[in-house]
Amino acid sequence: MTTGTDHGVGEAVAARIERRWAILSIVIVGVLVGMATFIGIHQATMPQGRVETSDPKTLHLSGEFVESNLGSTLEADGSVTVRAIGQQYSFTPQCIVVPAETPITLRTTSADVVHGLLIEGTNINTMLVPGYVAVLPIRFNAPGEHVMPCQEFCGIGHQGMWGKVKVVDKSAFAKLAAARRRLTCVD
Ligand code: CUA
């Protein structure tokens, strides 16, 4: 049997425990809001961890974006790297050939002004900023063709700046890659 005093003590204990849990949940919410705020401000104010640069003035003379190095290449680990540049008013290569069901890394930059690169039917949509290399991972599940327009106004010939991505069967690509080091579907 409980007396009035016991009852009061029990209530006080319950209230104390409740208050502790309330404080703990406020602290947890506070920590989460703090983390989100920190990450948001940090990302907005700091440069990206890895920014790759290129010099638009010497792009065609040396480095990874010389014309002979553009196109698709099969890497030792089975993945594919595609190098392409945008310039007024075309992409080089104009037609990119890649295999289906393969991890692909797209490395692109601009030789003059800001261009855009969008591959229809995918989530690839980036800006090509002179001086910077845009690096994007892509994967195509099936062979097919995708148009690749420039989606950033870049001058008088902007609306005529289109490229194409041709996705071929994995084994067909391997055969092509065995014959040539850099592949495009233009030649
Ligand atoms: Cu290039 Cu629009």
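**View 1. The loop around Tyr-89 and the cis peptide bonds.** Tyr-89 lies in the loop that connects E2 with strand E3 (90–92); helices (H or I, at least four residues) and strands (E, at least two) are DSSP runs, numbered from the N terminus. The bond joining Gln-88 and Tyr-89 is a cis peptide, with omega of about 0 degrees. A cis peptide bond also runs from Thr-92 to Pro-93, where omega is near -5 degrees. Pro-93 belongs to the loop between E3 and E4. This is a predicted model in which local features need pLDDT of at least 70 and side-chain atom pairs count only at pLDDT 80 or more, while totals for chains, interfaces and linings use all residues. Residues are numbered from 1 along each chain as its sequence is written, and side-chain values use heavy atoms, with hydrogens and water left out.

**View 2. Glu-101 in the loop between E4 and E5.** Glu-101 is found in the loop between these two strands. Although Glu-101 is not a glycine, its phi is positive, at about 50 degrees. Its relative accessible area of 46% makes Glu-101 partly exposed; the classes are buried under 20% relative accessible area, exposed over 50%, and partly exposed in between (1.4 Å probe, protein chains only).

View 3. Strand E5 (residues 104–110) is largely enclosed by the rest of the structure, because six of its seven residues are buried. Two strands are taken to pair if DSSP finds at least two bridges between them. Strand E2 (residues 80–87) and E5 run parallel and are joined by seven bridges; Val-82 stands opposite Leu-106 in E5. E5 and strand E8 (residues 134–138) run antiparallel, with five bridges joining them. In E8, Val-135 is the bridge partner of Arg-107.

View 4. Three strands form an open sheet in the order E4-E10-E9, with mixed pairing. Strand E4 (95–99) and strand E9 (144–149) are at the edges and have a single partner strand each, so one side of each lacks a neighbour in the sheet. From one strand to the next the twist averages 20 degrees. E9 and strand E10 (residues 162–168) run antiparallel and are joined by six bridges, with Pro-149 opposite Trp-162 in E10. Helix H2 (residues 170–179) packs on the sheet and touches E4 and E10. The direction of H2 makes about 115 degrees with that of E4; axes are lines fitted to C-alpha atoms, for helices over the stretch in contact, and angles run from 0 to 180 degrees between N-to-C directions.

**View 5. Val-98 and the largest nonpolar core.** A nonpolar core is a set of buried Ala, Val, Leu, Ile, Met, Phe, Trp, Tyr and Cys residues joined through side-chain atoms within 4.5 Å. The largest such core holds 27 residues, of which Val-98, Leu-117, Ile-119, Phe-140 and Val-165 touch the most other members. E2, E4, E5, E8, E10 and H2 are the elements that give two or more residues to this core. Leaving aside its neighbours within four places in sequence, Val-98 is in contact (heavy atoms within 4.5 Å) with residues including Val-82, Ile-104, Phe-140, Val-165 and Phe-173. Another core, of five residues, lies apart from the largest one and includes Leu-59, Phe-65, Leu-70 and Val-133.

**View 6. Cys-150 in the loop between E9 and E10.** Cys-150 occupies the loop between these strands and counts as buried, at 6% relative accessibility. His-115 is 35 residues away from Cys-150 in sequence, yet their C-alpha atoms are 6.2 Å apart in space. Not counting residues up to four places away in sequence, Cys-150 touches Phe-91, His-115, Gly-116, His-158 and Met-161.

**View 7. Ser-54 and its polar contact with Thr-109.** Ser-54 lies in the loop between H1 and strand E1 (71–74) and is buried, with a relative accessible area of 16%. The side chains of Ser-54 and Thr-109 are joined by a polar contact of 3.2 Å. A polar contact is a pair of N or O atoms within 3.5 Å; within protein, one must be able to donate a hydrogen and the other to accept it, and residues adjacent in sequence count only if both atoms are side-chain atoms. Not counting residues up to four places away in sequence, Ser-54 also touches Leu-59, Gly-131, Tyr-132 and Val-133.

**View 8. Confidence along the chain.** The chain has a mean pLDDT of 90, and 95% of its residues reach 70 or more; pLDDT is the predictor's confidence in each residue, from 0 to 100. Among the elements of the chain, E9 has the highest mean pLDDT (96) and helix H1 (residues 4–45) the lowest (89).
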